[in-house]
Amino acid sequence: MNTLKVGENAPHFSLLNQNGELVSLEQFKGKKVLVYFYPKALTPGCTTQACGLRDSKSELENLGVVILGISPDSPKKLAQFIEKKALNFTLLSDEDHQVAEQFGVWGEKKFMGRTFDGIHRISFLIDENGKIAQVFDKFKTTEHHQVVLDYLKK
């Protein structure tokens with residue numbers, strides 16, 4: 001796994017959102033974007049992480065940040081996630097994990113004694129010019145939103 005580093009250009013991508021509409025990183029040029037990768041909608045850890053971002057969305061927006069969540073789930077599953085957890089930001093479907101691979105977050109994982117390929121829980125803050133400003137890769141799902149806010153406020 002070769003995760004993107006601070007200072008590198010974010011890959012250009014377009015993915016379907018929870019409504020089946022194409023969303024492109026290019027649409028957010030001139031804004032900071034938090035691109036957060038998570039393994040699976042409606043699982044405990046991913047729900048905790050998403051709800052923390054949901055509850056911090058207005059504070060993040062005040063700091064000029066747009067939130068984009070990316071997982072290998074289908075748009076239909078993402079729509080269920082948004083509805084069940086009242087999420088207030090865009091989720092994107094990367095079913096073939098091409099974008100995850102471009103960001104370097106797709107790779108070998110171990111869970112309950114088995115080894116498999118999947119998305120690693122890593123977030124990227126992309127600056128107004130499309131460069132990686134910060135990589136968040138060491139956090140608990142309960143603290144993710146606060147780690148991001150603390151970074152933005154320093």
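**Entry 1: a leucine in a loop**

I began with L42, which is partly exposed at a relative accessible area of 28%. My scale for this uses a 1.4 Å probe and protein chains only: buried is under 20% relative accessible area, exposed is over 50%, and partly exposed is in between. L42 sits in the loop between strand 3 and helix 1. I take helices (H or I, at least four residues) and strands (E, at least two) as DSSP runs, numbered from the N terminus. The phi of L42 is near 65 degrees, a positive value in a residue other than glycine.

I then looked up H97, where phi is near 50 degrees, again positive in a residue other than glycine. H97 belongs to the loop between strand 5 (90-93) and helix 3.

**Entry 2: what I am looking at**

A note for myself: this is a predicted model, in which local features need pLDDT of at least 70 and side-chain atom pairs count only at pLDDT 80 or more, while totals for chains, interfaces and linings use all residues. Residues are numbered from 1 along each chain as its sequence is written, and side-chain values use heavy atoms, with hydrogens and water left out.

**Entry 3: the annotated cysteine**

Which residue does UniProt list for "active site"? The unreviewed entry gives C46. UniProt positions follow the numbering used here, feature names are shortened, and annotations may be inferred rather than shown by experiment.

I found C46 in helix 1 (residues 44-62). Is C46 buried or exposed? C46 is buried, with a relative accessible area of 1%. Not counting residues up to four places away in sequence, C46 touches Y38, P39, K40, F81 and R121; contact here means heavy atoms within 4.5 Å.

Next I checked for disulfides, meaning pairs of cysteine sulfur atoms within 2.5 Å. By this rule the count is zero. C51 is itself buried, at a relative accessible area of 14%.

**Entry 4: the cores**

I looked for nonpolar cores, which are sets of buried Ala, Val, Leu, Ile, Met, Phe, Trp, Tyr and Cys residues joined through side-chain atoms within 4.5 Å. The largest has 24 residues, and F13, F37, F103 and F124 have the most contacts inside it. Strand 3 (32-37), strand 4 (65-71), helix 3 (98-103), strand 8 (123-126) and strand 9 (132-136) are the elements giving two or more residues to this core. Another core lies apart from it, with 22 residues, among them Y38, C46, L60 and F81.

**Entry 5: the pocket**

How is a pocket found? On a 1 Å grid over the protein atoms alone, it is an open set of points where a 1.4 Å probe fits, with protein on both sides within 12 Å along at least five of seven lines; lining residues have an atom within 4 Å of a point.

The largest pocket has a volume of about 270 Å³, where volume is the space filled by probe spheres set on the points, joined across faces, edges and corners. Its lining has 15 residues, and P39, K40, K109, F111 and F116 lie nearest its centre. Strand 7 gives the most, with four residues.

F116 is in strand 7 and counts as partly exposed, at 26% relative accessibility. Leaving aside neighbours within four places in sequence, F116 is in contact with G107, E108, K109, K110 and F111.
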